[in-house]
Amino acid sequence: MTDSPTSARRRTLSALIHSSGFLAVCIMVTNVATYGFQIVAARILGPGQYGGVASMMSLLLVVGVVQLGMQATASRRVTQTPGQERAIERTVLRATYRAAIVVGVVMLAASPLVWRVLRLDSIYPALLVAVCAVPLTIMGGQAGVLQGERRWLELAMVYLALGIPRVLVATAAMWVRPTEGAAMAGVALAQFAPAVVGWWVLRRRTSSAEAEPDSIKPVVVEMLHGSFALLGFFALSNVDILIARNVLSDHVSGLYAGGLILTKAVLFLPQFVVIIAFPSMSAEASRRSALLKSLALVAGLGVCAIAGAWLLSWLAMIFIGGPDYAEIEGLLWVFAILGTVLSVLQLLVYSVLARRSRLSAYLLWIAVAAVVALGATQTSADGLVWAVLSVDATLVAVLLSVTFWRLGQAPQRS
């Protein structure tokens, strides 16, 4: 008996929405939504207020290394231990909830320092960064389990919940009150959405009475090692806005933050490549080919972005923030190059995590120190972006050499 056309279409649709391709589309939608929030914030708040919001969002990315470290740990453990998904899931989530509490308390205690260092209007936005850190960390463990099990549809739902509510809720908050505090209040409220979705898709699998999960200590140790490397990457990719806030005027640092909108867009455009490729990079048999294919795709997307920023800078300015940011138009192609270099660097960092290598993480921190040293001597937006780009490009060249040398050796931890 043959299936009806309707049944065939349903099966095709089901296969499509459960595929990695659908996840890629959803992640791109999320990135567009995140980018949309930056555009709206830049336009509503203007260079003065937007500089503070951009610096807090950059700080939130740095704080999110615990989330990403937990996600990478969960994904790698699930990938390398087939048949033990339930036990790993329960252990990872226990560790995740504890980590979320710790991160939230630390950021709460650090809020006066954040207020002063970022030169915010009040301590209120800094307190909201601490609020954001809790659900953000919880999302990490949830997403890691789904990623390792290649449950692409459920993972896509989590990522959609991360991006779309943020742009909707935060935009509404800024329309009511165009301040950095209102913007962060909207971000904080929306940040709970992906954690709720993650709980929903995992609720039946983790609520059943099963044997007590393993100790969380190995998970926490691995997460800390991964977070150390990721912290280096996010410190490197976000420290320049903190430097700009302290060595440049409010207006110029706001212009620089506007240019970084394009950098972050190019950086996160190929994020789906990292997420989909990471389980394959965790498996010894496929990690080299997965890395090569991923590098080619990331570099190709970056070249397209650079060409677009060079040839269509007037169009890019519409998305950057409009006429208020016109002084930065001539540098947009440089910001696009910076985003491309960072996207390649991000892929290399995840390759390091997949094979649990540690030596390369220290190179990231050396680069952070170099950016701080060079950036502190700059007095203009163009000087700062070129200084950052030179350090990042050098690091990518070194890491590429180290990574492929390691992959050519017998399996070992560095």
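**Exercise 1.** Leaving aside its neighbours within four places in sequence, which residues is Thr-96 in contact with? Then decide whether Thr-96 is buried or exposed.

*Solution.* Keep in mind that this is a predicted model.
- Step 1: Find Thr-96 in helix 4, which covers residues 85-117.
- Step 2: Skip the neighbours within four places in sequence; the contacts of Thr-96 are then Met-70, Thr-137, Ile-138 and Gly-141.
- Step 3: Turn to accessibility. Buried means under 20% relative accessible area. Thr-96 has 0% relative accessibility, so Thr-96 counts as buried.

**Exercise 2.** Work through the aromatic pairs: how many are there?

*Solution.* 
- Step 1: The count comes to seven aromatic pairs.
- Step 2: One of them joins Phe-233 and Phe-234, with 5.0 Å centre to centre and 75° between the planes. Planes over 60 degrees apart count as edge-to-face, and this pair is edge-to-face. Both Phe-233 and Phe-234 are buried.
- Step 3: Another aromatic pair, Trp-333 with Trp-386, is edge-to-face too, at 5.9 Å centre to centre and 70° between the planes. This pair links distant parts of the chain: Trp-333 belongs to helix 14 (residues 332-354) and Trp-386 to helix 16 (residues 381-407), 53 residues apart.
- Step 4: Trp-333 is at 25%, so Trp-333 counts as partly exposed. Trp-386 counts as partly exposed because its relative accessibility is 39%.
- Step 5: Look for a cluster. Phe-228, Tyr-362 and Trp-365 are linked into one by ring pairs.

**Exercise 3.** Which residue lies over the face of Trp-115?

*Solution.* Go to the ring of Trp-115: Arg-116 lies over its face, 4.1 Å from the ring centre.

Technical notes
Residues numbered from 1 in each chain as written. Predicted model: local features only at pLDDT ≥ 70, side-chain atom pairs only at ≥ 80, totals over all residues. Heavy atoms only, no water. Phe/Tyr/Trp six-rings, centres within 6.5 Å; stacked < 30°, edge-to-face > 60°. Buried < 20%, exposed > 50% of the residue type's maximum accessible area, 1.4 Å probe, protein only. Helix = DSSP H or I, 4+ residues; strand = E, 2+ residues; numbered from the N terminus. Lys NZ or Arg CZ within 6 Å of the ring centre and 35° of its normal. Contact = heavy atoms within 4.5 Å.
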